[in-house]
Amino acid sequence: MGDDQPREPRGARRRRETREKLIEAAFSLMAERGLDAVTINEITEAADVGIGSFYNHFESREALQAAVIDTVFEEFADHLDRLVVAIDDPAEVIAISVRHTVLRAQHEPLWGQFLVKEGLSTRALTRGLGARLARDIQRGIAKRRFSTPDPTMSLITLGAGVLGAIAAVLETQKPDSMLQSLGLDRGSVAERAAAMLLHGLGLSFDQADVIARLPLPEI
């Protein structure tokens, strides 16, 4: 029996595969050196794609950067939104989002490295994960679950805390990790980070710790 799904035309498949190669190559290079330190020539060479093919898909390096950011930040943020859609407690929503973000960085170090390099930029704070975090903080304030006199600084502080937790997880994966020698167990970083960040939003530490250790829905 055949597949009822229509087959993707060969030309469309090749265009999609070339675009994916360019995004993957840009992502790898930008994770190592930062978004603005990579040239189009380096990206096309890493992707084994000609310059002409690059401009068939992206009008500029900035357009490719936007596509990479959408892939790294927006898609994952959309997954998190679907994961917590039925959860009413803003504190639990933030705890789940923080834990999944740190755990993904632990399992996909290149993704985590990219996030650390780009995570406090204006682009990251106003799109994807940053935009969702700002929204969830505002929801928590509106429901009187959080008490913070300065939501903007809370957003920046929480964002920095997540990135610090990711950097710590990446550091503990090194053979000569100083953090690991000091007793930091990377298996507990996600929960500990979520608890401290919720505490910073006004929950008692005991409350925050309980929420941070609830069973984690799978993404």
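These legends accompany close-up views of a predicted model. Residues are numbered from 1 along each chain as its sequence is written, and side-chain values rest on heavy atoms, with hydrogens and water left out. Local features need pLDDT of at least 70 and side-chain atom pairs count only at pLDDT 80 or more, while totals for chains, interfaces and linings use all residues.

**View 1. Phe-27 and Phe-114 form a tilted aromatic pair.**
The structure holds 4 aromatic pairs; rings of Phe, Tyr and Trp (its six-membered ring) pair if their centres lie within 6.5 Å, and planes under 30 degrees apart count as stacked, over 60 as edge-to-face and the rest as tilted. Here the ring centres of Phe-27 and Phe-114 are 5.4 Å apart and the planes stand at 40°, so this pair is tilted. Phe-27 belongs to helix α1 (residues 10-33) and Phe-114 to helix α6 (residues 109-118), so the pair ties together parts that are 87 residues apart in sequence. Helices are DSSP runs (H or I, at least four residues), numbered from the N terminus. Both Phe-27 and Phe-114 are buried (under 20% relative accessible area, with exposed over 50% and partly exposed in between; 1.4 Å probe, protein chains only).

**View 2. Phe-76 meets Trp-111 edge-to-face.**
With ring centres 4.9 Å apart and planes at 70°, Phe-76 and Trp-111 make an edge-to-face pair. Phe-76 sits in helix α4 (residues 61-83) and Trp-111 in helix α6, so parts 35 residues apart in sequence are tied together. Phe-76 is buried at 3% relative accessibility, and Trp-111 is buried with a relative accessible area of 3%.

**View 3. Tyr-55 takes part in an aromatic cluster.**
Phe-54, Tyr-55 and Phe-58 form one such cluster. Look for Tyr-55 in helix α3 (residues 51-57); at 44% relative accessibility, Tyr-55 counts as partly exposed. From C-alpha to C-alpha, Tyr-55 and Ile-40 are 9.9 Å apart in space, and 15 residues separate them in sequence.

**View 4. Helix α5 crosses helix α8.**
The axes of α5 (residues 90-107) and α8 (residues 128-142) come within 9 Å and cross at roughly 155°; axes are lines fitted to C-alpha atoms over the stretch in contact, with angles from 0 to 180 degrees between N-to-C directions. That makes α5 roughly antiparallel to α8 (over 145 degrees). Residues in contact (heavy atoms within 4.5 Å) include Val-93 and Ile-94 of α5 and Leu-133 and Ile-137 of α8.

Notes
Helix = DSSP H or I, 4+ residues; strand = E, 2+ residues; numbered from the N terminus. Parallel < 35°, antiparallel > 145°, perpendicular 65-115°, else oblique.
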